[in-house]
Amino acid sequence: MIGIIGAMDVEVNSLKSKVVNGTVTNIAGVDYVMGAIHNVMVCVAQCSPGKVNAALCAQAMIDKFAPDMIINVGVGCSLSPSVVIKNIVIADDVCQYDIDITALGEPGGFINGLNVVKIPCDKTISELLARSAINCGEKIHRGTVASGDTFIADTELKERIAADFGAICGEMEGGAIGHVCAANGVAFAVLRSISDGGDENSLMDYPTFKKIAASISTGVILDFIDTQKTQLELELV
């Protein structure tokens, strides 16, 4: 089963609407919609923005529904000049730029327990997502996605995150979902469609492009799910 988590209704409602024979389970205020898309079992949830919300949602999904993988989908900002609005970013790894225990001698973003700064995404899932994005005619980028509890709309902050972590995309959930998945041994991937540039223009660009960007990411996920149906059919032959 594929678990799919997005932060906002615009990122997941169209996916929920395509679930066939769906059942809804509410856990801690989050509706988990379980059913089939393209004859593939999925569980789709809207976690709400922020790392704590994302982590709560991911852990509950793992505990209740035991997905084989979790994919975090949605929109994000560009942290690189080569990544522009409506491009797709598929994470090679994720980090949490606002974890700071440097006073204790650790590097910025160091995650106690996992004892890493960057958490690798599942290579196979990420590669299949990249192929799906290409099939959908999208321009893709691969690299680090940086998460934090701040809507990035400041050039100085954007440049600092890019420099400190080598990140090409910023958002508010992927690092936390990756953290939970890594702790539980669940394969995960993060896909973002760029809605804004993470700078002072973001407050204008984000409202303008978030629906378009979310629609692009939804199209890629649907193509990916379709490839999983094909794989299941091959396995049954």
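Is Lys51 buried or exposed? Lys51 is buried, with a relative accessible area of 11% (buried means under 20%, exposed over 50%, partly exposed in between, using a 1.4 Å probe and protein chains only).

## About the model

This is a predicted model, in which local features need pLDDT of at least 70 and side-chain atom pairs count only at pLDDT 80 or more, while totals for chains, interfaces and linings use all residues. Residues are numbered from 1 along each chain as its sequence is written, and side-chain values use heavy atoms, leaving out hydrogens and water.

## Salt bridges

Let's stay with Lys51: it forms a salt bridge with Asp98, and their closest N and O atoms are 2.8 Å apart (a salt bridge is a side-chain nitrogen of Lys or Arg within 4 Å of a carboxyl oxygen of Asp or Glu). This pair links distant parts of the chain, 47 residues apart, with Lys51 in helix α2 (residues 51-65) and Asp98 in the loop between β6 (88-96) and β7 (119-120). Helices (H or I, at least four residues) and strands (E, at least two) are DSSP runs, numbered from the N terminus. Asp98 is partly exposed, at 33% relative accessible area.

A search of the whole structure finds seven salt bridges. Another one joins Arg192 to Glu173, with 3.2 Å between the closest N and O atoms. Arg192 lies in strand β10 and Glu173 in the loop between β9 and α5 (174-184), so the pair ties together parts 19 residues apart in sequence. Both Arg192 and Glu173 are buried.

## A linked network

Asp92, Glu127, Arg131 and Arg142 are linked in a network of salt bridges. Within it, Arg142 pairs with Glu127, the closest N and O atoms being 3.4 Å apart.
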